[in-house]
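Let's take a walk through this fold together, one stop at a time. Keep the viewer open as you read.

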Amino acid sequence: MKQVFFLAFAILITSSSLLAQTKAGKTDTTRHITYYTCSMHPDLISNKPGKCPKCGMDLILSSKEQIKSAITKSYNCPVHVNVFSHDPGKCPQCGRKLRLSPKEQMKAEVGKVYTCPMHPEIALDKEGKCPKCGAALVEKKNN
């Protein structure tokens, strides 16, 4: 009886670990829909930008979408300010390369670290010269 119990327990443990390993490599394939709303009629919701059918005002991102875009990396078109994406690429309207939003550019600037090629222990938050040898500091790349 002990052997049967032990064998069942071993099968349960190995099957759950095998299932967990097969799920780890999968990517998120769900389609994320962006919702737009009218600032005068918040009950009106659309899945694409445009004009409000009640008052004719431009639809804006819903408050939930504004919160999501504030916490995720976003890219926008330099010409079409209403075109944005969470992935780099090209503007679907004009074909220009999407650039990081101003907020993301500021976050990238804050996170930069400059080090000396000869003294890697030197780490400063701005460009300049190494205090030990006078060599120009280079931006440290995150791997």
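Pro-78 sits in the loop that links strand 4 (75-76) to strand 5 (84-85); helices (H or I, at least four residues) and strands (E, at least two) are DSSP runs here, numbered from the N terminus. This is a predicted model, where local features need pLDDT of at least 70 and side-chain atom pairs count only at pLDDT 80 or more, while totals for chains, interfaces and linings use all residues. Residues are numbered from 1 along each chain as its sequence is written, and side-chain values use heavy atoms, with hydrogens and water left out.

Pro-78 is partly exposed, at 34% relative accessible area. On this scale, buried means under 20% relative accessible area, exposed means over 50%, and partly exposed is in between (1.4 Å probe, protein chains only). Which residues does Pro-78 touch, once its neighbours within four places in sequence are left aside? They are Arg-96, Lys-97 and Arg-99, with contact meaning heavy atoms within 4.5 Å. Pro-78 and Lys-97 are 19 residues apart in sequence, yet their C-alpha atoms are 8.3 Å apart in space.

Now for the cysteines. A disulfide is a covalent bond between the sulfur atoms of two cysteines. The cut-off used here is a pair of cysteine sulfur atoms within 2.5 Å, and by that rule the count is zero. Cys-77 is in no disulfide, and its nearest cysteine sulfur, in Cys-91, is 3.6 Å away.

Move along to strand 7 (residues 114-115), where you'll find Thr-115. With 12% relative accessibility, Thr-115 counts as buried. Setting aside neighbours within four places in sequence, Thr-115 has contacts that include Pro-120, Ile-122, Leu-137 and Val-138.

Strands 7 and 9 run antiparallel and are joined by two bridges. Look for Tyr-114, which stands opposite Glu-139 in strand 9.

Next, the surface. Ile-33, Tyr-35 and Ile-45 make up a nonpolar patch with about 300 Å² of accessible area together. Tyr-35 is in the loop between helix 1 (2-24) and strand 1 (36-37), and Tyr-35 is partly exposed, with a relative accessible area of 37%.

Finally, zoom out. The protein chain has three helices and nine strands, which follow the pattern α-β-β-β-α-β-β-β-α-β-β-β along the sequence. Of its 143 residues, 19% count as buried. Among contacts between residues at least 6 apart in sequence, 23% join residues at least 24 apart.

Definitions and conventions
Patches are made of residues with over 30% relative accessible area and no salt bridge: like charges are joined within 9 Å, nonpolar side chains (Val, Leu, Ile, Met, Phe, Trp, Tyr) within 5 Å. Accessible areas come from the Shrake-Rupley method with a 1.4 Å probe; for residues, only the protein chains shown count as cover. A salt bridge is a side-chain nitrogen of Lys or Arg within 4 Å of a carboxyl oxygen of Asp or Glu. Two strands pair if DSSP finds at least two bridges between them.
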